[in-house]
Amino acid sequence: MSAAGVALMLGGAGIMLAASPAQAAEVSYKTECIPPSISGLPPVQGTTKVEITAPAEAKVGDEVEIVWKTVEAASKNPDVLDLEKDTVKPTGEIKIGGAASGTLAMEGPRSNPAIPKNSPMKLPDMKGKLKLDKAGEITLTPDKYNINVSKPLSTDTKCAPKEAVPVGAKIKVTEGGGGTTTSGGTTTTSGGTTTSGGTTTTSGGSTSGGTTSGSTSGGGGGQTDFPGKEVAVQFACQSPGPANITSKVTINAKKSGGNYELTVKTAKGVMNSPAPLPAGALKPSMAIKLGGADSGTVKVEGPANAAPLEQGKPVDLPDMKGTYKPGANGKSTLSPGTLTINVSLGGSPIVIPCQVKGSVQASLELDTSKVDGGAVGGGDAAVGGGSADGGSGGLANTGAEDDGALRALALVAGTVILLGGAVFTFTPWARLRR
C-alpha cells in the first residue's frame, strides 16, 4: 500500500476500513550530526528538511503507514568520489505525542540512484507502520536519524535535532474497529550497520625479550637465540592514520646460518579498529632500522587478522617476521622503525604509514659477519627483495610525499559526504590530505 493510500486491508477477511486522504507536511530543523569515529571529524551543524505523510483520520485498531521523505539535504556530495547506486540507507525515529506516546521506527531501502560529485544527495523515503489503539489526536514529529553508507567501508553518521522540532503531521483517531496493541509504535533501531566480530587475539602482545640490555654476541659459543629488550616507541601516523600510537616494541632474533630470523612484538591493544573489519582485512609491517656497524632497514611483516575486528575495540597486532642479512662485520643494532598498517577490502589497499617520533633505543645488538647481499650502505632491505627507506620498493613508497599513491588512496577510501549538514567519511581515522 502506498503512503497516499486511503484504505487498509485486514488480512484474511478482505474487509476494507475507510481512512481519510493522506496529508503531508514539511518541517525543517537545526541538526547536529556526528560523523563516524573513524573519521576523526568534529560534530557538524546543518538543517534538515523533512516531509511527513500520514492519513488525516483513522480509527482505533487501524494500522497506518507513515512516510518520511528527506526533501533537501544541506550539502551536496563534494568533489571527492561518485557514490554508487544503492549504497545509502537511512533509518530514523518519529516521536509520537498527543493522545499516544512513544517512538516509531522508520527505515528506508538501500536504493539510492548514483550520486555524482558536486550533486545533491538523494535519499530514499523511510517508512513505518503504526497501530492505533486509542482515540484522540496523535502528533508525529521527526526526530533523530542515522545514515549508513555501505562502500567502500560501512559507516554510520548519527544526526539529532538541536532545537524543538515542529509537528510534521497529525492523525485524528476515532472510536471504531477492532483490536488494540501497545501504544505509539516501537523504539527505533539503528539500521544498516555491518556485523562485527570479536577483537583479534593473535599472537602479537608485549614481551620483555628476556634481557635488560639487549646486547648479545652473535658470533661465539654456538648461540642461536638472541632476545631483545622491550623499548617504548611513539609513532606519528600520516593522514589518514591516527595522530599518535604509543607502544612497547621488542625485537628478537634467531640465527640461521649467516642470517637472523627476526620476530617483532608490539604491546597489546596498540590501536583501536577504525571500522568493523572482516577477517584478513588488516595487516601490519615495520621497517627495522639498522645501526652501529650496519645500516639500512629490514622489513618485517605480520599476518592479517584471523578474526573480524569490532569498530573502536583495541587491536593486538600479530608478531611481525622477516630475515636480516648482515652487511657488515662488527656490532650492529636493531631499532623499531616505520610501522605501516595496510587495510584491504578487496580493492586497492589503504596504506597508513606511522613514523617514529624522536629518538628510540635499540632493542637488540648483534655481533654480525657480512654476508652476500647484506644490508650495509642503506641499500637493500633483507626481506622479500624490498628496499631500504628511500629506495625503489618496500616501505619507501608509503610516504605522504607520494602524491600519486595518496590520490589513489583517496579514490578508494577518501569519500566525504555532507548530508543534512553531516559529514560522512570512509577514510579510516582522518581526512586525506588533498
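Strand E6 (residues 63-72) and strand E11 sit side by side, running antiparallel and joined by 6 bridges. Strands here are DSSP runs of E with at least two residues, numbered from the N terminus, while helices are runs of H or I with at least four residues; two strands pair if DSSP finds at least two bridges between them. One of the links can be picked out by name: Val67 has Lys127 in E11 as its bridge partner. This is a predicted model, in which local features need pLDDT of at least 70 and side-chain atom pairs count only at pLDDT 80 or more, though totals for chains, interfaces and linings use all residues. Residues are numbered from 1 along each chain as its sequence is written, and side-chain values use heavy atoms, with hydrogens and water left out.

E11 itself (residues 126-131) has two faces. In a regular strand, side chains alternate between the two faces of the sheet. Here Met126, Gly128 and Leu130 point one way and are buried (under 20% relative accessible area, with exposed meaning over 50% and partly exposed in between; 1.4 Å probe, protein chains only).

Zooming out, the protein has 1 helix and 29 strands. Some 48% of its 434 residues count as buried. Take the contacts (heavy atoms within 4.5 Å) between residues at least 6 apart in sequence: 72% of them join residues at least 24 apart.

Next come the aromatic rings. The structure holds 3 aromatic pairs, where rings of Phe, Tyr and Trp (its six-membered ring) pair if their centres lie within 6.5 Å, and planes under 30 degrees apart count as stacked, over 60 as edge-to-face and the rest as tilted. Phe226 and Tyr260 make an edge-to-face pair, at 5.9 Å centre to centre with 65° between the planes. Phe226 belongs to strand E15 (residues 225-226) and Tyr260 to strand E18 (residues 259-266), so this pair ties together parts 34 residues apart in sequence. Both Phe226 and Tyr260 are buried. Ring pairs also bring in Tyr324, giving a cluster of Phe226, Tyr260 and Tyr324.

Ile34, found in strand E3 (residues 22-34), is partly exposed, with a relative accessible area of 38%. Leaving aside neighbours within four places in sequence, Ile34 is in contact with Pro43, Asp156, Thr157 and Lys158. Ile34 and Asn146 are 112 residues apart in sequence, yet their C-alpha atoms are 9.6 Å apart in space.
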